[in-house]
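Me: I have a structure open and would like to talk it through. Could we start with how the chains meet?

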Amino acid sequence: MNQTEAFDKVIKVITPYTKNTAALASAKSDTRLLEDLGVNSARLVDIVLAFEDEFSIAIDDDSADKVLTVGNAVDLIVAKTTH
Amino acid sequence: MGLWIQRLLSRALIPVSYFFAIVWMKFGRRYQIPALRDTRRRYRQLLREGTGPVVICGNHLTAIDSLLIMWALAPGWRASLKPSLMPWNLPDKQNFSGNIYIRFLCYVGRCLPVVRKGPRDEVRKVLDKVGLLLRSGDSILIFPEGGRSRLGRVDTENFSYGVGGIVQEVPGARVLCVYFRGREQKDFSTMPEKGDKFYIDMKMIKPASASPGLRGARDISGQIVHSLAEMEKGYYDVARQ
């Protein structure tokens, strides 16, 4: 999966958890999930689990902890789906 | 090392910390727990019925819920003889970091401050301490909703999964769900109203999940929160009567 495809899918997955929809519409790689998109910190886990389901991958706790921006998520998914 | 010093000091000071906390609640705030004796008997019975570390999970409506639950579960003299009856707490660090006296009280009152939404490494360190304490036979009191419920009811939609992670990491851990609420408590607040009388119900559960990692933590936390929500129905049934 390439970066663009992964980016679009990541945005789709995080949409239900996002409070700041305006920021989501203009999201870039460095957009932060908690601070910029207003995702509840407790829901980060749900987002990681939704990535696992959507992309049929397994994400370990350490990798999950590093998902702080949209770009982090995209990089993780691209890395997991290309190996 | 620091943790064991705190453990030792808090044990030694249980009679003092209990005394002042209970005097303040009982006489300063005039709180009453009508079924106190039965509650304490039931707590001891639940502890005897099984083995394994105990994670106490309460609903959360006021800033002093942990003090009230501690008072409800065991008298000071008994906690002095058996310190595991006085659970450790995980309060939000920002609630008391500015005041040295409160920091001291929290230290001897078995608190491990957590920075809510703080750096994950820091949270991880606290959770590691929690695991150590549980494996050493101490108990811990956690509010699985992650904060005081803004709904005034157990929030089964927005809860934290941290408690699930703790239960997963401690083999054989049991969870004592405690539903505790003042009769005058309509919503969340800093303190219960002066003179309030408290309802308490408790149930021991052994939540489990076939899934490892975060998915398992979510399952376990969900079971705990739904158990609290069930107990809340019981509260409203009693209140209606």
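**Contacts, core and helix packing**

Reply: Eleven residues of chain B are in contact with nine residues of chain A. Please keep in mind that this is a predicted model.

Me: Which helix gives the most to the side of chain B that touches chain A?

Reply: That is helix H9 of chain B, residues 213-240, with four residues.

Me: And how do the residues on that side divide into nonpolar, polar and charged?

Reply: On the side of chain B that touches chain A, three residues are nonpolar, four are polar and four are charged.

Me: What angle do H3(A) and H9(B) pack at?

Reply: Helix H3 of chain A, residues 44-55, packs with H9(B) at about 130 degrees, and their axes are 10 Å apart. The two helices are therefore oblique to each other. H3(A) passes H9(B) in a left-handed crossing.

Me: Which residues meet there?

Reply: From H3(A) come Val45(A), Val48(A) and Leu49(A), which meet Leu214(B), Arg215(B) and Arg218(B) in H9(B). By class, this contact of H3(A) with H9(B) has four nonpolar, no polar and two charged residues.

Me: New topic: which residues touch the most other members of the largest nonpolar core?

Reply: They are Val55(B), Cys57(B), Ile140(B), Cys177(B) and Val178(B), in a core of 72 residues. H9(B) gives the most to this core, with seven residues. As background, nonpolar side chains in soluble globular proteins tend to be buried together.

Me: What is Cys177(B) in contact with, leaving aside neighbours within four places in sequence?

Reply: Its contacts include Cys57(B), Met202(B), Lys203(B) and Ile205(B). Cys177(B) is also in contact with Ile224(B), Ser227(B), Leu228(B) and Met231(B).

Me: How do H7(B) and H8(B) cross?

Reply: Helix H7 of chain B, residues 120-135, and helix H8 of chain B, residues 162-169, cross at roughly 45 degrees, and their axes come within 10 Å. H7(B) and H8(B) are therefore oblique to each other, and their crossing is right-handed. H7(B) makes the contact with Leu127(B), Val130(B) and Gly131(B), while H8(B) uses Gly165(B), Ile166(B) and Glu169(B).

Me: Back to chain A. Where is Ile11(A)?

Reply: Ile11(A) is in helix H1 of chain A, residues 3-14. Not counting residues up to four places away in sequence, Ile11(A) touches Leu24(A) and Ala27(A).

Me: Why does Ile11(A) count as partly exposed?

Reply: Ile11(A) counts as partly exposed because it has 18 C-beta neighbours inside 10 Å, whereas a buried residue would need 20 or more.

Methods
Residues are numbered from 1 along each chain as its sequence is written. Chains are lettered from A and ligands numbered from 1 in the order in which they are written. This is a predicted model: local features need pLDDT of at least 70, side-chain atom pairs count only at pLDDT 80 or more; totals for chains, interfaces and linings use all residues. Two residues are in contact if their C-beta atoms, placed from the backbone, lie within 7 Å. Ala, Val, Leu, Ile, Met, Phe, Trp, Tyr, Cys and Pro count as nonpolar, Asp, Glu, Lys and Arg as charged, and the others, Gly among them, as polar. A nonpolar core is a set of buried Ala, Val, Leu, Ile, Met, Phe, Trp, Tyr and Cys residues joined through C-beta atoms within 7 Å. A residue is buried if 20 or more other C-beta atoms lie within 10 Å of its own, exposed if 12 or fewer, and partly exposed in between; C-beta atoms are placed from the backbone. Axes are lines fitted to C-alpha atoms, for helices over the stretch in contact, and angles run from 0 to 180 degrees between N-to-C directions. Angles under 35 degrees count as roughly parallel, over 145 as roughly antiparallel, 65 to 115 as roughly perpendicular and the rest as oblique. A crossing is left-handed if the near helix is turned anticlockwise from the far one by less than a right angle, and right-handed if clockwise.
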